[in-house]
Amino acid sequence: MPLSVRTRREKQKAELRSELVDAAHKLVQEEGYEGLTIRKLAKRVGYAPMSVYSYFADKQDILFALAEDAFQTLAKRIEDHPADDPIEALQVVMTEYAAFGLGNPNEYRTVFMTEKTRPPEGRTFAEMQEGNPLMKVLIKRVEACVAAGKLKGDPRAIATMLWAVGHGTISLLITFPFYPFGDQQAFVKRMCDFTLAGLMTQDVSPLTETPPNC
């Protein structure tokens, strides 16, 4: 097959996959996890269900695609908001992450609160973690805090702890909307400040004895 023909087909395939991911985002935003089906997704883009299966083996593959797309979007939003102070730059990560979750509760619940039992075909969880742009941005900003003497310890461990607090906070705000948290953004900021204040008092050790490759 001539290179130009192959290149054109690859471009068309990438464009259709992007169209499917965009449509899947809209489905979960409107209908949540239950609304995301291969049949509904195919109908939304005007293709036969079998065409969708050529891109995604099942619903879990779609969820992985949504998660990766969301991570890329969030990473870009964070990088668009730099700050001179490394702690403030780190707080931006929490702010943007919370804004995404609270602004898209159905999608956050579907994409980030649904158990992933296996990685997509041909990939591993470790590879996906290593290529996660949002985690890379978070670790980079933690490293800047460590270099400036604001935080001390293993950057990945610190980043993971911040992620755990952020995810837990947003999950609670979404799943317990009637609990008296007060203003949601204000509560997110309080949790961020509380966590950072605690981290500043200790030397954070690595999470595992064998550090990852990223």
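Reader: Which residues in H6 meet which residues in H9?
Author: Happy to start there, keeping in mind that this is a predicted model. Contact here means heavy atoms within 4.5 Å. On the H9 side the contact takes in His167, Ile170, Ser171, Ile174 and Thr175. Facing them from H6 are Pro105, Tyr108, Arg109 and Phe112.

Reader: How many nonpolar, polar and charged residues does that contact of H6 with H9 have?
Author: Tyr counts as nonpolar and Arg as charged, and both Tyr108 and Arg109 belong to the H6 side. Sorted by class, the contact of H6 with H9 has five nonpolar, three polar and one charged residues.

Reader: Are H6 and H9 oblique or roughly perpendicular to each other?
Author: Helix H6 covers residues 105-112 and helix H9 covers residues 155-175, and their axes are 10 Å apart. The two pack at an angle of about 125 degrees. The range for roughly perpendicular is 65 to 115, and roughly antiparallel needs over 145. H6 and H9 are therefore oblique.

Reader: Is the crossing of H6 and H9 left-handed or right-handed?
Author: This is the pair whose axes lie 10 Å apart. The crossing of H6 and H9 is left-handed.

Reader: How are H5 and H6 placed, roughly perpendicular or oblique to each other?
Author: Helix H5 spans residues 86-103, and its axis is 5 Å from that of H6. They pack at an angle of about 105 degrees, and angles of 65 to 115 count as roughly perpendicular. H5 and H6 are therefore roughly perpendicular.

Reader: Which residues in H5 meet H6, and how many nonpolar, polar and charged residues are in the contact?
Author: From H6 come Pro105, Glu107, Tyr108 and Phe112. They meet Tyr97, Phe100, Gly101, Leu102 and Gly103 in H5. By class, the residues of this contact of H5 with H6 are six nonpolar, two polar and one charged.

Reader: How many aromatic pairs does the structure hold, and is Phe100 with Phe112 stacked or edge-to-face?
Author: The structure holds seven aromatic pairs. The ring centres of Phe100 and Phe112 are 6.1 Å apart, and their planes stand at 75 degrees. The pair links distant parts of the chain, with Phe100 in helix H5 and Phe112 in helix H6, twelve residues apart. Planes over 60 degrees apart count as edge-to-face, so the pair of Phe100 and Phe112 is edge-to-face.

Reader: What angle do the axes of H4 and H8 cross at, and which residues in H8 meet H4?
Author: The axes of helix H4 (residues 59-79) and helix H8 (residues 133-147) come within 7 Å, crossing at roughly 35 degrees. By class, their contact has seven nonpolar, one polar and two charged residues. H4 brings Phe71, Gln72, Leu74, Ala75, Ile78 and Glu79, and the residues they meet in H8 are Pro133, Leu134, Val137 and Arg141.

How values were computed: Residues numbered from 1 in each chain as written. Predicted model: local features only at pLDDT ≥ 70, side-chain atom pairs only at ≥ 80, totals over all residues. Heavy atoms only, no water. Axes fitted to C-alpha atoms, helices over the stretch in contact; angles between N-to-C directions. Helix = DSSP H or I, 4+ residues; strand = E, 2+ residues; numbered from the N terminus. Parallel < 35°, antiparallel > 145°, perpendicular 65-115°, else oblique. Left-handed = near helix turned anticlockwise from the far one by under 90°. Phe/Tyr/Trp six-rings, centres within 6.5 Å; stacked < 30°, edge-to-face > 60°.
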